[in-house]
Amino acid sequence: MAIDELVFEKELLLRVIVVYDDHALTERTCQKWFARFKSGNFDLEEENPGAPPKFEDEELEARLDEDPTQTQKEP
């Protein structure tokens with residue numbers, strides 16, 4: 001990434017922070033959105049890039065619903 005792009009992204013982030021104060025996105029979330037837009041993906045309906053991953057396995061999701069303290073690590 002060129003220096004000009006980094007400066008531009010940093011300036012945009014600072015503007016977002018000034019406008020939204022405590023409700024502003026994190027720097028990392030902004031970086032993910034900038035990368036998404038730069039790649040040509042302007043679809044805002046897709047999953048939030050800062051959101052935690054969702055389960056694809058119904059059995060695992062059911063187990064987590066039963067006991068939210070479960071982890072993927074073995075005891």
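**Helix packing in a predicted model**

The axes of helix H1 (residues 3–20) and helix H2 (residues 27–38) come within 11 Å of each other and cross at roughly 125°. That angle makes H1 oblique to H2. This is a predicted model, in which local features need pLDDT of at least 70 and side-chain atom pairs count only at pLDDT 80 or more, while totals for chains, interfaces and linings use all residues. Residues are numbered from 1 along each chain as its sequence is written, and side-chain values use heavy atoms, with hydrogens and water left out.

**Overall make-up**

- The protein has three helices and zero strands, where helices (H or I, at least four residues) and strands (E, at least two) are DSSP runs numbered from the N terminus.
- Along the sequence the pattern reads α-α-α.
- Of the 75 residues, 8% count as buried, meaning under 20% relative accessible area, with exposed over 50% and partly exposed in between (1.4 Å probe, protein chains only).
- The accessible surface is about 6900 Å², and 55% of it belongs to carbon and sulfur atoms; such areas come from the Shrake-Rupley method with a 1.4 Å probe.

- Axes are lines fitted to C-alpha atoms, for helices over the stretch in contact, and angles run from 0 to 180 degrees between N-to-C directions.
- Angles under 35 degrees count as roughly parallel, over 145 as roughly antiparallel, 65 to 115 as roughly perpendicular, and the rest as oblique.
- In H1, Glu5, Glu9, Lys10, Leu12 and Leu13 meet Glu27, Cys30, Gln31, Phe34 and Lys38 in H2; contact means heavy atoms within 4.5 Å.
- The residues of this contact divide into four nonpolar, one polar and five charged.

**Glutamate 27**

- Glutamate 27 lies in helix H2 and counts as partly exposed, at 36% relative accessibility.
- Not counting residues up to four places away in sequence, glutamate 27 touches Lys10 and Leu13.
- The C-alpha atoms of glutamate 27 and glutamate 9 are separated by 9.5 Å, and the two residues are 18 residues apart along the chain.

**Aspartate 21**

- Aspartate 21 lies in the loop between H1 and H2.
- Aspartate 21 is not a glycine, yet has a positive phi of about 50°.
- With a relative accessible area of 52%, aspartate 21 is exposed.

Technical notes. Nonpolar A, V, L, I, M, F, W, Y, C, P; charged D, E, K, R; others polar.
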